[in-house]
Amino acid sequence: MDGLLVTVAPPALRNRALGLSSAGLMFAQGAGFALWGAAGQYIPLPVVVPAAAVAGAIAVVALRPMRSGAG
């Protein structure tokens, strides 16, 4: 993902874009841990852990970079 960001961001803003991307990733990871941890308080763990895995896989597929010129 960083490689894609480096190629897309203007050189003058590249460092800021990478810093913002890194901060956003850390926030999203923390929020995900909190969300699934809270879910684990009320839903059995054998249900929560696979649900978290499926949600992660869906996020990866949804956020993958699209290839240009495909089709």
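A55 is found in helix 3. Helices here are DSSP runs of H or I with at least four residues, strands are runs of E with at least two, and both are numbered from the N terminus. This is a predicted model: local features need pLDDT of at least 70, side-chain atom pairs count only at pLDDT 80 or more, and totals for chains, interfaces and linings use all residues. Residues are numbered from 1 along each chain as its sequence is written, and side-chain values use heavy atoms, with hydrogens and water left out.

**Overall build**

- Along the principal axes, the C-alpha atoms fill a box of roughly 50 × 35 × 10 Å.

**Surface and burial**

- The chain exposes about 5,900 Å². Carbon and sulfur atoms supply 72% of that area. Accessible areas come from the Shrake-Rupley method with a 1.4 Å probe; for residues, only the protein chains shown count as cover.
- Buried residues make up 4% of the 71 residues. Buried means under 20% relative accessible area, exposed means over 50%, and partly exposed lies in between (1.4 Å probe, protein chains only).

**A9**

- A9 sits in the loop between helix 1 (2-8) and helix 2.
- A9 counts as buried because its relative accessibility is 9%.
- Leaving aside residues up to four places away in sequence, A9 touches R14 and A17. Contact means heavy atoms within 4.5 Å.
- A9 and A52 are 43 residues apart in sequence, and their C-alpha atoms are 31 Å apart in space.

**I43**

- I43 lies in the loop between helix 2 (14-42) and helix 3 (45-63).
- With a relative accessible area of 38%, I43 is partly exposed.

**A55**

- A55 counts as partly exposed, at 31% relative accessibility.
- A55 and A39 are 16 residues apart along the chain, and 13 Å separates their C-alpha atoms.
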